[in-house]
Amino acid sequence: MVTERMRAHPDRPAVLDDTRELTYGELDRRTDTIAAGLQRAGVRRGDLVAVFLSRTVDIVAGLLAVHRLGAAYVPLDPDYPAERLEFMVADSAPRALLVDATTAGRFAAIPVVDVSTLPAGAPVDPEAPRPEDLAYVIYTSGSTGRPKGAMLEHRNTVNMLDWVHTEFSPADLAGVLLGTSICFDLSVFEVFGTLTGGGTIVVAANGLALPEIRHRDRVTLLNTVPGVTAALVRAGDLPPSVRVVIHSGDTTSRALADAVHAVPTVERLYNLYGPTEVVTWQIGTLVRRGDPAEPPLGTPFPGVGAHVLDPAGRPVADGEIGE
């Protein structure tokens, strides 16, 4: 889906950071360059590739390059503690590690591909991913013990993206902030939801950096946790270009919903939910302006079932508390 977009609209802006901007055609070629480097390192369909890149346009090209070979990515955040990063690499045993000039030199036990030194124009023999192929392995926070890698296939992601493209218009996706670490699956929407919708990804260090980035006024959709939106709204730092706000990962209170709706340029606010194991979101609701009730989690997406269970894993009756 992404490759089709690249080749159908090569001159459309695809991804930008504070120093670089790539059109879809340029992103296609950069993806090929990185994929060729991975292929020379021995990466093949079904392999895992650890992605350890800085927050630039190359982080998007790197993820796409892994998929172009039919491989799956294991995201590593340079800001994570060294012990956690070492555990994730040892546990996932990737075939190769993608780095750049900033992140190089941290791991030496596996083949390393440095995107900052790759020759442009290198040929690549692509492998189109199949629905049952792994797309990524994201490690959970480890709140219940040792972190575990949640393995998601392409068909899982496509199901979520189908909902995205029935709910959000091209105008909504015209400028989506990539403010989430790729170690969190909110980034799956920010990268793949945007590109499959023909929009532009605006890369930032995080959501709170939005007011300071060069292209702040090109952001039309903000996807983040409620605390980030609360801070931006409180400081008056939500750019007027933002028309859609998506909350997940924590509770959206009625007070916060009202504060967001009080920003006249915000047209819609969503409250969405889904654990890492089921791809970003699978339940959600549009939070209506002026509704006095506390925002609910909402209802399941099409093709998704949701069950409320007691501590023993048994369904609870209507109106009873469960998870």
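Let us begin with helix α2, residues 24–40, and helix α3, residues 57–68, whose axes come within 8 Å and cross at roughly 60 degrees. This comes from a predicted model. Angles from 65 to 115 degrees count as roughly perpendicular, and those left over between the named ranges count as oblique; α2 and α3 are therefore oblique to each other. The crossing of α2 past α3 is right-handed.

Which residues make this contact? From α2 they are L27, D28, R30, T31, D32, I34, A35 and L38. From α3 they are D58, V60, A61, G62, L64, A65, V66 and R68. Sorted by class, the contact of α2 with α3 holds nine nonpolar, two polar and five charged residues.

I now stay with α3 and turn to another partner. The axes of α3 and α6 come within 11 Å, and the crossing angle is roughly 75 degrees. That angle makes α3 roughly perpendicular to α6. On the α3 side, the contact involves V60, L63, L64 and H67. On the α6 side, V191, F192 and L195 take part. In this contact of α3 with α6, six residues are nonpolar, one is polar and none is charged.

Please look next at the second largest pocket. Its volume is about 580 Å³. The lining consists of 27 residues, and those closest to the centre of the pocket are M1, V2, H67, P129 and H154.

Helix α5 gives the most, with five residues. By class, the lining of the second largest pocket contains 15 nonpolar, five polar and seven charged residues.

Helix α7 covers residues 226–234, and helix α8 covers residues 254–261. They pack at an angle of about 50 degrees, with their axes 10 Å apart. That angle makes α7 oblique to α8. Is the crossing left-handed or right-handed? Helix α7 passes α8 in a left-handed crossing.

In this contact, α7 contributes P226, T229, A230 and V233. These residues meet L256, A259 and V260 in α8. The contact of α7 with α8 comprises six nonpolar residues and one polar residue, with no charged ones.

The crossing of α2 past α3 is right-handed, whereas that of α7 past α8 is left-handed. As for residue classes, the contact of α2 with α3 includes five charged residues, while the contact of α3 with α6 has none, and the contact of α7 with α8 has none.

Key
Residues are numbered from 1 along each chain as its sequence is written. This is a predicted model: local features need pLDDT of at least 70, side-chain atom pairs count only at pLDDT 80 or more; totals for chains, interfaces and linings use all residues. Side-chain values use heavy atoms; hydrogens and water are left out. Axes are lines fitted to C-alpha atoms, for helices over the stretch in contact, and angles run from 0 to 180 degrees between N-to-C directions. Helices (H or I, at least four residues) and strands (E, at least two) are DSSP runs, numbered from the N terminus. Angles under 35 degrees count as roughly parallel, over 145 as roughly antiparallel, 65 to 115 as roughly perpendicular and the rest as oblique. A crossing is left-handed if the near helix is turned anticlockwise from the far one by less than a right angle, and right-handed if clockwise. Contact means heavy atoms within 4.5 Å. Ala, Val, Leu, Ile, Met, Phe, Trp, Tyr, Cys and Pro count as nonpolar, Asp, Glu, Lys and Arg as charged, and the others, Gly among them, as polar. On a 1 Å grid over the protein atoms alone, a cavity is a set of points where a 1.4 Å probe fits but cannot get out, and a pocket is an open set with protein on both sides within 12 Å along at least five of seven lines; lining residues have an atom within 4 Å of a point. Grid points are joined across faces, edges and corners, and a volume is the space filled by probe spheres set on the points.
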